[in-house]
Amino acid sequence: METNLYAIIAQIHEISGLSNITYFTSKPYQVVHSMTHPAFEFLHQTPIPTLNLTVEEYRHRVTRARHFHLESKDSNNAFLVAFPTVPQDSTGVAHILEHTTLCGSRRYPVRDPFFMMIRRSLNTFMNAFTATDWTAYPFASQNRKDFDNLIQVYLDAVFFPILDPLDFSQEGHRVEFSVAQDPNSDLVYKGVVYNEMKGAMSAPERQVWQTLQSNLFPTITYHYNSGGEPSDIPKLSHEQLKAFHRRHYHPSNAVFLTYGNFAVEDQHARMEECALRHFDPQDLDFTIPDEQRYSEPVVVESSYSLDNEDDLSNKTHVVMGWLLGKSTDLREMISAELLSGVLLDNSASPLRKALETSDLGTAPSELCGLDTDTREAMFVCGLEGSDPDQAPAAEELILGVLQDVAEHGVPQAQVEAVLHQLELSQREIGGGRFPFGLQLMVKALSPVLHGADPAEILNIDPILNELHEKIKDPRFIKSLARKLLLNNPHRVRLTMVPDPAMSSRMKDQEKENLANIRAAMSEQDSRRVLELASTLKHRQEAADDPEILPKVTQEDVPDTIKIPVGEEKPVADMAATWFAQGTNGLVYEQIILDLPQLEPELMELLPLYCACLTEVGSAGRDYLQTQALQASFTGGIGSRASVRASLNDIQRVKGLFVLSGKALLRNQQPLAQLLEETLDQARFDELPRLRELIAQIRGHRESQVTDSGHVLALTAASAGMGPCGHLAQHWGGLQSIQQIKALDKALEAGKELKSFAAQLERIRDTLIDAPRQLLVVSEASQQEAIHTSLNEQWAGWSNRHNKQASFAPQPVSFTVHQAWATNTQVNFCAKAYPTVAQEHPDAPALTVLGPFLRNGYLHRTIREQGGAYGSGAGYHNDTSAFRFFSYRDPRLEETLEDFDRALEWLQSERHEPRLLEEAILGIISDIDRPDSPAGEAIGTYFAALHGRTTEQRLRFRKQILQVKLEDLQRVAQKYLLPEVASIAVISSPQTLQEHSQLGLEIHDL
């Protein structure tokens, strides 16, 4: 998986949110380091009280491999091994090696041990990452046996991979004839990474970022696309891949990071036994040199692909980037983060305010901010929705703001607010799909690989204390603005202009390259291509012996799991639920309203109301004052609508409106006041502000398509399956993108702004009268004081007279056959079938059926053979839909056919019992995955409000464990019928034209 760490994983949906973890409390935690294995030497340890952990450093005596262990009471243990990887071209060698490394090893010579272990494990996370200058292989598990299994497989994979040429062809690139076994047909490129990067580089923001980084780093490794440029990937040879592994994947070049409460000496024993004892030391130095600094700023103009657009006005990106100091210098980086926050943290920050209110563009660039993933950090700011001739004025605007800050500074309260945000982020315990331990490890990884101490990187309290003193001098921020930005000549102004012909030129160039290869091929070359395709297909279809790999079984699954229990304790006249959790000094408060019945046009606007509510003024303040208050006292406030189907009938739904926030304990009272004022006294009369927000929301929504296309296609395919499906499509799906674009154009033309503001006010006034209740999550010792404070805050409130018609949308039931045309080089396919509600006896079998089909059929046919980056299937309980999907897929019609063939495979083939067990383990792993302490409480609370009580969730978990193979075949035969299926795909206009025979209704995005 190639990543720049802005988003670690694309999530499809949570299955039920059950969890099982005993988390640490906020009491100071110290530890004496464990007994050291003789192969390792203990160097030192550093307690970090604010994170309730201790960093222990070890070194392997022979290879000098470094190991940092984050000792914690957290039972969700994590492991990571990483290597500096410094490519010198854009062939994607590090990225393709990451994929191929996981395709079989010396001890585990099966075709696909990584994905096979996902199925044979109770992991809470498994993946691999390629960043700009490192590659990492992380996993996490709560189960000791499972952790031991995974560490063995991971160590063998990275240090002793087979690197079979066939795996390189599958994961990297190959050429095949477009018509199988027909040497007279055209050639086509195939490969998983090739298609992954085609999808990734379809996003305009990704093209802008890559171009900017290449120009900020003209001479060193960051100049290249570590994930691989699609045009360069076919230049990589198998021999080059193997040589890259030999040079980089050695223990002397490795860093190990672990986290949790498992004994470190046991992990050392596994590292030594499975890998390190087989190596001698090497003198390896992959130190990345400093970039050669520009003596004066550079101006660059380039273009990005934008299909399906006739009007190219307001489509240009103008961004500026500065190269700063070394990311290993914690003091300099925290100072840079402070300056970045002062300039950009919220709408009251001077640079963000200037960018948001400027007529030179429609919104600040999504790239704005500080990036420390490279050895030397980058600061970026700019505009999207601009025009090429506005670039000089945009640069003048930005430099003018910086000059003003350097001369006059900023209000002291703004600087203190940014430090407050840094303190809060240091204390907050994360979790969920990306476990807290791995979050800490990845945060420290890049500086560690460049020689930093992870304890210093993770323990920023001493630096924050220093900064609290430094900011008392009003010259401090002024000097930072001059030193880091104004007086820094290593600056690039990049103008990225849309080019509607670029995609066509790229396709034509690819065809020309393939035609040249075809023309130069001899008969023997043609036979080799045919033989490779045949051999690879045979290998993909061959059955490996999975018992070579270790595994857990259903016997290793705990009988039950722990779910947080809340206490009912009213606040004034409101019901309130209290959860005592180890939140490390943070307080989480939420106001929950029963969603009333809104007029249809208001219901359509509810997501925009939620998006705007916390971004406008309140209680007589303008939006700038309100934003400043939020930054000073909270970790952010947000609002959302929570709508879920009944357990027994998807046509009956319950709707809630939620306003939530978090704060340090000392700021609980200002948080509570801000929440009440935001809910009851939001201002929608600042019309220019509303105009800015809609432009920003549009840009953000449009940028999601290439990263989350599979989710959008799934949402479209199930849009006719109950009110939840219909609302999901209109509130957050492709339909909503169309709607926000139409609204944005209308507002740009000077129409409807007052009408839009009036509609938002009507929503506010309707919600004010809805019954409400409170949710509070905090440390147990804090709750008495919080209760007293909240009673004072809500003393005059009464729920007794707030009776309204409850939210009750009309039943929805229809099929869709849609295609959505957008700017993409790959496809996203989805197919959905209506089934039964979650309490129906067949729901557990439908839930298990998803991973059964993915593991046994879809992964092989759609990913390995078809070349898509991902595929899957699953049951979605709010729409009662069983859904198939593909992600970054070079195929379209063939993938839809593979969805059907998966059902044929289910009924016609003989299936080993292990396939059922692996599918069940995957579901249980999802159900049991821990969240953060606050996240677990909040998830439990809302699940219960929507009828998913603790008893129901535990019952459903038990039913999952009892599913049989014949249940899967029966429910598929009963519900997954072709005549009721819905289809939705996302593709390019050209591809959809080529597949017009599918008869899909085409919509333009």
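**Stop 1: the sheet**

Select 586-594 and 772-778: these are strands β19 and β22, running antiparallel and joined by six bridges. Keep in mind as you go that this is a predicted model. For one of the pairings, click glutamate 589, whose bridge partner in β22 is valine 776.

Now widen the view to the whole sheet. It is open, with six strands in the order β17-β18-β22-β19-β21-β20 and mixed pairing.

**Stop 2: the cores**

Next, select Leu338 and Ile477, the residues with the most contacts inside the largest nonpolar core, which has 80 residues. Zoom in on leucine 338: leaving out residues up to four places away in sequence, its contacts are Val415, Val418, Leu419, Leu467, Ile471, Phe476 and Ile477.

Then jump to Phe83, Val110, Phe160 and Ala275. They are among the 61 residues of a second, separate core.

**Stop 3**

Last, head for the second largest pocket, with about 1,500 Å³ of space. To find its centre, select Ser178, Val188, Lys190, Pro890 and Arg891, the closest to it of the 47 lining residues. Elements giving two or more residues to the lining include β8 (174-177), β9 (187-190), α28 (843-865) and α29 (893-908).

Which helix gives the largest share of the lining? That's α18, with seven residues; select 523-541 to show it. Colour the lining by residue type and you get 16 nonpolar, 16 polar and 15 charged.

Technical notes
Residues are numbered from 1 along each chain as its sequence is written. This is a predicted model: local features need pLDDT of at least 70, side-chain atom pairs count only at pLDDT 80 or more; totals for chains, interfaces and linings use all residues. Side-chain values use heavy atoms; hydrogens and water are left out. On a 1 Å grid over the protein atoms alone, a cavity is a set of points where a 1.4 Å probe fits but cannot get out, and a pocket is an open set with protein on both sides within 12 Å along at least five of seven lines; lining residues have an atom within 4 Å of a point. Grid points are joined across faces, edges and corners, and a volume is the space filled by probe spheres set on the points. Helices (H or I, at least four residues) and strands (E, at least two) are DSSP runs, numbered from the N terminus. Ala, Val, Leu, Ile, Met, Phe, Trp, Tyr, Cys and Pro count as nonpolar, Asp, Glu, Lys and Arg as charged, and the others, Gly among them, as polar. A nonpolar core is a set of buried Ala, Val, Leu, Ile, Met, Phe, Trp, Tyr and Cys residues joined through side-chain atoms within 4.5 Å. Buried means under 20% relative accessible area, exposed over 50%, partly exposed in between (1.4 Å probe, protein chains only). Contact means heavy atoms within 4.5 Å. Two strands pair if DSSP finds at least two bridges between them.
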